[in-house]
Amino acid sequence: MTSTTLEASKKIEVLDHGFVELIDALGSDLTVVNSARVSFGKRKTELNEADEKLIKYLAKHQHWSPFRHVQLQFHCKVPEFVARQWYKHVVGIAYTEGHGAYTVDHAWNEVSLRYVDASDFDFYTPQGGFRTQSESNKQASTDELIQNDVLMKAYTDHAQGTFALYKDLVEAGVAKEQARGVLPLNIYTEFYWTISLQALTNFIHLRTHAGAQYEIREYADALEQLTQLVVPVSYKYLLEG
Ligand SMILES: Cc1cc2nc3c(=O)[nH]c(=O)nc-3n(C[C@H](O)[C@H](O)[C@H](O)COP(=O)(O)OP(=O)(O)OC[C@H]3O[C@@H](n4cnc5c(N)ncnc54)[C@H](O)[C@@H]3O)c2cc1C
């Protein structure tokens, strides 16, 4: 990827063992401006006030295509149950038809538990207690916490027990692709994710919303901070819509 040079690796720790790291970025606010200005045969080298107004206009009037030229690449470590929610955002990771056959867009690559021994993988433990079930939203939780040390210990013991069984299976020669079936949904997985600024803004908009699960909201907040580093002006106006 031809990239905007990032001064340093940008990594934000999330939850107890997770993170989001901005690996690379293709483009900047100027990329959005120049993608739009090519219509008039113009190209700018420095962003000025008129360009900011143009970005605002593009976002307000839903001229999305200039925002798709900016691509961001992240390395993410997230609990499996968060990854499953993440993966519902199909733009950038879906199969597309090309060269007469279906090919996968190489924008999501994940650690394979067919290859890798997961015995030492991390698993997520809720910090501070369990959240109570929401009465009004059958999918959601509240901010109220249940502090129950016995249940919390049972929760972690259970996860550790599944890893112990997994290890026994692998040591007995069972294929890793089969042994992984006993691992818990709170196991951490890792993937590289490359996405356009437009699709990323949609992700952040949906996953920072109060209706989204707390754990994925934490990741969406981290993504938002990293995105603002790359395209502060575009992101501001995309959010305003
Ligand atoms: C709070 C919350 C609760 C949820 N609960 C559930 C649940 O219980 N079960 C469940 O299965 N999912 C659930 N989801 C996932 C949800 O249904 C979406 O699949 C997910 O949020 C991805 O959103 P998206 O389609 O906008 O994103 P993307 O796939 O990234 O798509 C981005 C945008 O591209 C456009 N687009 C994408 N695909 C097409 C297409 N084929 N045709 C036309 N336009 C397209 C749309 O404008 C879309 O908004 C939930 C999501 C949230 C935020």
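Me: What share of the contacts in the protein with a separation of 6 or more comes from residues 24 or more positions apart?
Reply: In this predicted model, such residues account for 67% of those contacts, where a contact means that two C-beta atoms, placed from the backbone, lie within 7 Å. Local features need pLDDT of at least 70 and side-chain atom pairs count only at pLDDT 80 or more, while totals for chains, interfaces and linings use all residues. Residues are numbered from 1 along each chain as its sequence is written.

Me: Why are S1 and S6 called edge strands?
Reply: Strands, which are DSSP runs of E with at least two residues, numbered from the N terminus, pair if DSSP finds at least two bridges between them. The open sheet has the order S1-S2-S3-S9-S6, and strand S1 (10-14) and strand S6 (108-110) each pair on one side only, so they are its edge strands.

Me: What makes S6 and strand S9 (residues 188-196) a pair?
Reply: They share three bridges in the antiparallel sense, and the definition asks for at least two, so they count as paired. Among the residues involved, Glu110 has Phe191 in S9 as its bridge partner.

Me: How is helix H8 (residues 214-230) directed relative to S1?
Reply: Helix H8, a DSSP run of H or I with at least four residues, lies across S1, strand S2 (18-26) and S3 and runs at about 165 degrees to S1. Such angles run from 0 to 180 degrees between N-to-C directions, with axes fitted to C-alpha atoms, for helices over the stretch in contact.
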